[in-house]
Amino acid sequence: QPGKSKQQLLGTDSHQALKKQGYQIGYTTVNRYIRQVKQRCKEVFIRQHYSPGQALEFDWAEVKLEIHGVTKRVMLAVFTSCYSNHRWARLYYRQDMSSFLHAHASYFSFAGVIAAQVIYDNMRVAVKKFTLRNKDKKPTEALLKLSTYYQFDYRFCNARRGNEKGHVERSVEYVRRKAFAPQDSFDSLEQANSYLLDICKDLNQGSAKGRSQSIDQDYEQEVQHMRPAPSPYDTAELRSLRVDKYSCIKVDTNYYSVPEGLVGQFINVKVYPDVVKIYDFEHRLIASHERKHTRFEYYLTLEHYLKTFRTKPGALAGSLSLHQADQILKNIFANHFTDRAKDFIELLLFTQQHHYSFEQLQKAVKECLRLCPHHPVCVDKLKFLLARSEQGQVQDTPPPATQEMSQHIAQHCTQQLQDIQSLIGSNQVSTNY
């Protein structure tokens, strides 16, 4: 029966069933009969002819690689031209919608042309409604938008009929074996993709079975029959996600921080294979995170919690957001502000407001220590030095004089003396130094 091929009786099961019904028959006789029936029922396949640019096949495959010393399960996306057998492949951490869209946009940008039709099996990112009959299958909304943008037709294979996209089925096995049997350890997924692209280039320089020209030469002729590709498609998967009490959104199984003040609200998120971008109600980008491929982990940005830390400074030292902060900030806090968390928060709010970089802040701290080596790092001095650095006045070598700093200190002291005078009612306070 359809869909129950793995539940059928074997020869030994059929023999036992016949014996229970009272038939005196040998196991060899049963097996001989089964072989005769299978021989009569063997399926005949019809070989297809494809014209240049007519069709392109797409499929996924699983690959296990060692990435930075850790064994990971990654997905191999493969495109194969039905006419020339030209191959292109790319690795992704997930077989999800954003990877599906990104693979198409990357391939079409690489090729520069679009085939008339793309053939898929019954993958969930392409088929919204699965049925045994092809005419009843419904594509996903993402595939509809993608095919409309690039102006290609799509076709789904019949259920359990991998032979209907035999080019890519063979290519998946061929590319995976040729690429990752010799080497399966890489420092990063980017390095693995660069290596994979070189392997595909080498494979395309060979010739397909029964062809005199190389695959690249056949493909050069084929592209003359295809439409030029438009500008790259925005491959983001759009999601509307609620901000939780930790000011985070959940993408797949991981949590990413957003700027405070949005707890309980739904916000718009663009999910790419490698990046998560977060937008407010006016479609302004408010946060961006590298997409992580772990499980149930939090990824927090310290700057997203500064206003809350201003009212809860004691929570800063042990917070996960500080633990995950840039090493420059962690060093400045550990060396100068462990007992002055409020000052540290005020300093970060100031740098955030004026868009100073962590490197500028680090340079200002070093300059402050050089000018006043026997005093603790002062927030007011750092603000002054950051303002000077913006004007290009902070130098790596000692300045010829510190007159500007002295004048600033003198003005500050004068103001303090005047305030004291107004409080005690004195007639005169000397301001000579």
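Guide: Accessible areas here come from the Shrake-Rupley method with a 1.4 Å probe; for residues, only the protein chains shown count as cover. By that method, the chain exposes about 25,800 Å². Carbon and sulfur atoms supply 50% of that area.

This is a predicted model, in which local features need pLDDT of at least 70 and side-chain atom pairs count only at pLDDT 80 or more, while totals for chains, interfaces and linings use all residues. Residues are numbered from 1 along each chain as its sequence is written, and side-chain values use heavy atoms, leaving out hydrogens and water.

The chain has 433 residues, and 39% of them count as buried (under 20% relative accessible area, 1.4 Å probe, protein chains only). It holds 14 helices and 17 strands (DSSP runs numbered from the N terminus: H or I, at least four residues, for helices; E, at least two, for strands). Take contacts (heavy atoms within 4.5 Å) between residues at least 6 apart in sequence: 57% of them join residues at least 24 apart.

Now to the part itself, strand S1. It spans residues 55–67. Of its 13 residues, 10 are buried, so S1 is largely enclosed by the rest of the structure.

Look at its partners next. Two strands pair if DSSP finds at least two bridges between them. S1 and strand S2, residues 70–81, run antiparallel and share 12 bridges.

Strand S5, residues 117–120, runs parallel to S1, joined by 3 bridges. Ala55 faces Gln117 in this pairing. Strand S9, residues 185–186, is also parallel to S1, with 2 bridges. Here Glu66 stands opposite Ser185. In a regular strand the side chains alternate between the two faces of the sheet.

A cavity is a set of points on a 1 Å grid over the protein atoms alone where a 1.4 Å probe fits but cannot get out; lining residues have an atom within 4 Å of a point. A search of the whole structure finds 1 cavity of 30 Å³ or more. The largest cavity has a volume of about 50 Å³ (the space filled by probe spheres set on the points, which are joined across faces, edges and corners). Ala55 and Leu56 are among its lining residues. Others include Ser81, Tyr107, Phe108, Glu222 and Met226.

Which elements build that lining? S1, helix H3 (97–111), strand S4 (113–114) and helix H7 (215–222) each supply at least two residues. H3 gives the largest share, 3 residues. By type, the lining has 10 nonpolar residues, 1 polar and 1 charged (Ala, Val, Leu, Ile, Met, Phe, Trp, Tyr, Cys and Pro count as nonpolar, Asp, Glu, Lys and Arg as charged, the others, Gly among them, as polar).

One last stop is Ser171, in helix H5, residues 166–180. Ser171 and Phe58 are 113 residues apart in sequence, but 9.9 Å apart in space, C-alpha to C-alpha. At 0% relative accessibility, Ser171 counts as buried. Leaving aside residues up to four places away in sequence, Ser171 touches Val78, Thr80, Asn85, Arg87 and Arg176.

How values were computed. 1 Å grid on protein atoms, 1.4 Å probe; cavity = no way out; pocket = protein on both sides within 12 Å on 5 of 7 lines; lining within 4 Å. Buried < 20%, exposed > 50% of the residue type's maximum accessible area, 1.4 Å probe, protein only.
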